[in-house]
Each structure stands twice: as C-alpha cells, then as structure tokens.
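Good morning, colleagues. Please look at the sequence and the model on the screen while I go through its helices and some of its residues.

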Amino acid sequence: MAIESEMLADAGRFGLKIKEVEIGVRYDVDCSTISPVKHGLGVLVMVLKDVEFKRPLYFFTAPGIVLDAGGLIMGVMFLHNFTLGTGLYFGPTVLMVLLIIVGTFMTLTGILLHSVSAVARKTDVV
C-alpha cells in the first residue's frame, strides 16, 4: 500500500534501521477489489507526491535545469546558424524558447517551494 512507502521514507529520514521480515500471505481469501496495476500506479503517485513536497529541489529544480540546458544548447545552435546565414527553422526555434521558459519556471518553482518548506519546518507548520 502507499502508506508503507511513506513509512519507509519517514523511517529513513529519522535514521531508523529497516529490516525485512518474511511473512505468510494467502491471496485466495478476502481478495482486494483494486487491480494490481491501479494499486501500483497509486503507490507511484503517492511516492512522487512525497518527493514533490519533501524535496522540491529534486522534483522541480533538477529537471528545470536540464530543460534550461537543452534550450540554451539549442539557442547556441540557433545563433550559429544565424551567423552563418543558413535557414532558420520555425519548429526548433519555438522548441528552444519553450524549453527555456518551462525550464526556468520549473527551476524557480523548485527554489521557491524549497524556501517555503524550509520556513515551514522552522516554524513547525509541517
């Protein structure tokens, strides 16, 4: 279940030791009504939400920097083609601008959320 992932993350955050213990399970009695795929996706969403709220720098800033870098590389290629006088293509130019805008937005959002979560932790709101 999704709560186990959160419990494991909390235990790791507090430095607790985690040990696997073998248990017996019977799946033929009182089966779950949720399909394994739906349940697995639910656990994945919960883990991503935990990462999003607890570590916004990893969730927003790191991908934002990657998008910014891709946009800047495309920008250098754009300037190179422009100075050589070769044709400028509309699609890559729009993609370059989009990558830079989205990357910058994600980077600043991650930094802002990180600052807000740090203040919330200091004031014991979270």
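Predicted model: local features only at pLDDT ≥ 70, side-chain atom pairs only at ≥ 80, totals over all residues.

The protein chain has a mean pLDDT of 81, and 90% of its residues reach 70 or more. Where in the chain is confidence lowest, and where is it highest? Helix 1, residues 2-13, has the lowest confidence, with a mean of 74, while helix 3 has the highest, at 89.

Let us take helix 3 next. Its 29 residues should span 42 Å at 1.5 Å a residue, and the end C-alpha atoms lie 41 Å apart, so the two values agree. Which residues of helix 3 are buried? They are P56, F60, T61, G64, D68, G71, M74 and G75. In general terms, an α-helix has 3.6 residues a turn, so residues three or four places apart point the same way. The partners of the buried residues of helix 3 are helix 2 and helix 4, against which they pack. Just after helix 3 comes G85, with a positive phi of about 85°.

Helix 4, residues 90-122, is the next element.

T61 belongs to helix 3, which covers residues 56-84. Its relative accessibility is 9%, and T61 therefore counts as buried, the limit being under 20%. Leaving aside residues up to four places away in sequence, T61 touches P56, M106, T107, G110 and I111. T107, in turn, is found in helix 4. With a relative accessible area of 12%, T107 is also buried. What does T107 touch, not counting residues up to four places away in sequence? The contacts of T107 are F60, T61, G64, I65 and D68.

Which residues make the nonpolar surface patch? L95, V97, L98, I101 and V102 form this patch, which has an area of about 410 Å². I101 lies in helix 4. Because its relative accessibility is 55%, and exposed means over 50%, I101 counts as exposed.

S35 is found in the loop between helix 1 and helix 2. With a relative accessible area of 35%, S35 is partly exposed. S35 and L98 are separated by 63 residues in sequence and by 38 Å in space, C-alpha to C-alpha. The second pair begins with K49, which lies in helix 2, residues 36-54. K49 is partly exposed as well, at a relative accessible area of 42%. Between K49 and K122 there are 21 Å in space, C-alpha to C-alpha, and the two are 73 residues apart in sequence.

Key. Residues numbered from 1 in each chain as written. Heavy atoms only, no water. Patch = residues over 30% accessible without salt bridge, like charges linked within 9 Å, V, L, I, M, F, W, Y side chains within 5 Å. Areas by Shrake-Rupley, 256 points an atom, 1.4 Å probe, with all protein chains shown as cover. Salt bridge = Lys/Arg side-chain N within 4 Å of Asp/Glu carboxyl O. Helix = DSSP H or I, 4+ residues; strand = E, 2+ residues; numbered from the N terminus. Buried < 20%, exposed > 50% of the residue type's maximum accessible area, 1.4 Å probe, protein only. Contact = heavy atoms within 4.5 Å. Expected span 1.5 Å × (residues − 1). pLDDT = per-residue confidence, 0-100.
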